[in-house]
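Have the sequence and the 3D view open side by side while reading.

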Amino acid sequence: MDNPQLLRIEENLKKLKLSRTGQKLESLLQEASKNDLSYTDFLDRLLEEEVALKFEKHIALNTTLAKLPYVKTLESFDFSFQPSIEAKVVRELATCMFLERAENVVFLGPPGTGKTHLSVALGLKAIHKRYRTLFTSAAALVATLNRAYVENRLEDKLRAYCAPKLLIIDEIGYVPVDVNGAHLLFQLISRRYERGSIILTSNRGIGQWGEVFGDTIIATAILDRLLHHSTVINIKGESYRLKEKQRAGLLKRSQDIKPE
C-alpha cells in the first residue's frame, strides 16, 4: 500500500486501537468501491467490524474468567438421548430471563447424563448476553470457604462469590460436606437469594440432601432458599459416557450381558 493517505489512516487506526479495521481496511475499501457504497454505508460496515472484534474479545475473556471446565454448547446437546428432559424448558432458560429474575436452576440425575454439559451451555449463553458468570465444583467451593473461614477472610470470599450474576455449582453430593462446610454454603446461598442466580447439579435426589450435608435441618434451610424461585430438571436417563464406550465396543450393553 503506497498511498500516503492510506498509510496515514492505518497509522491513526493503530493509535486509536482499531485493530480489526486496520487489518481489513484494504478489503473494506475494495468492497465499498465494488458495491458503490455511500459514505454512511461504508462507515456502518467499518464500525460493525470493530464492534464484532470487541465482542469476540469480551466473550473470550469472560469465558476464561468463568473458569468453565470445557466449552460445550446447547446446540451440541443430544436431547433425543435424554427424553426425560423437556428441550423447550431448557431453551427457555437459554434466553437468560431467569437471570433477570434472580431465579435458580437445579439439574438432578445420575452421573454422565449431561447435567454439567447443560450447566456449562447455559453459562455460555449468559456470557454471550454479557452476564458475569463463575463455575466451581461443590467440593472446591466448600474447601475455599472453609479455608477462608480459618484464615478470617470469609467475608471477602463470600462477596467474591456473590459478585457474578450467575454462579454454577457442580456436583453437589459426590463428596460429603461436613457440618461447617454446610453452614458456610448456606451463608453463600442466603446472600445470593433473590439477588443472583445459581445453577446447581447433583447426582443425589433432594430427599437425600440431609445425608449429603450430615444435617437435615441445614439441608432443609439450603433447599428452602435454593428452590423457592427455581426450575428443577430431573434427568432419568443413561450415561453419555457409557453410550460412547458402547459405541466403541469397549462396554457391552446391560441387556447383552447374560448371567452365568
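This is a predicted model: local features need pLDDT of at least 70, side-chain atom pairs count only at pLDDT 80 or more; totals for chains, interfaces and linings use all residues.

Residues are numbered from 1 along each chain as its sequence is written, and side-chain values use heavy atoms, with hydrogens and water left out.

Two packed helices are described by the angle between their axes and the distance between the axes. Helices (H or I, at least four residues) and strands (E, at least two) are DSSP runs, numbered from the N terminus. An axis is a line fitted to C-alpha atoms, for helices over the stretch in contact, and angles run from 0 to 180 degrees between N-to-C directions.

Begin with helix α1 (residues 4–15) and α2, whose axes come within 9 Å and cross at roughly 145°. In the contact (heavy atoms within 4.5 Å), Leu6, Ile9, Glu10 and Leu13 of α1 meet Thr21, Gly22, Leu25 and Leu29 of α2. By class, five of these residues are nonpolar, two polar and one charged. Here Ala, Val, Leu, Ile, Met, Phe, Trp, Tyr, Cys and Pro count as nonpolar, Asp, Glu, Lys and Arg as charged, and the others, Gly among them, as polar.

Helix α2 (residues 19–34) also packs with helix α3 (residues 39–66): their axes come within 10 Å and cross at roughly 150°. The two helices α2 and α3 are therefore roughly antiparallel (an angle over 145 degrees; under 35 is roughly parallel, 65 to 115 roughly perpendicular and the rest oblique). This crossing of α2 and α3 is right-handed. Residues in the contact include Leu28 and Leu29 of α2 and Leu46 and Leu53 of α3. The contact of α2 with α3 has six nonpolar, two polar and eight charged residues.

Further along, helix α7 (residues 138–150) and α8 have axes 7 Å apart at an angle of about 150°. They are therefore roughly antiparallel to each other. Leu141, Thr144, Leu145, Ala148 and Tyr149 of α7 touch Leu154, Lys157, Leu158 and Tyr161 of α8. Seven residues in the contact of α7 with α8 are nonpolar, one is polar and one is charged.

On a 1 Å grid over the protein atoms alone, a cavity is a set of points where a 1.4 Å probe fits but cannot get out, and a pocket is an open set with protein on both sides within 12 Å along at least five of seven lines; lining residues have an atom within 4 Å of a point. Grid points are joined across faces, edges and corners, and a volume is the space filled by probe spheres set on the points.

The structure holds one cavity of 30 Å³ or more. The largest cavity has about 40 Å³ of space, and Asn104, Ile189, Arg192, Tyr193, Gly196, Ile198, Arg225 and Leu226 line it.

The second largest pocket has a volume of about 280 Å³. Of its 15 lining residues, Leu65, Lys67, Arg132, Leu134 and Pro164 lie nearest its centre.

Terms used
A crossing is left-handed if the near helix is turned anticlockwise from the far one by less than a right angle, and right-handed if clockwise.
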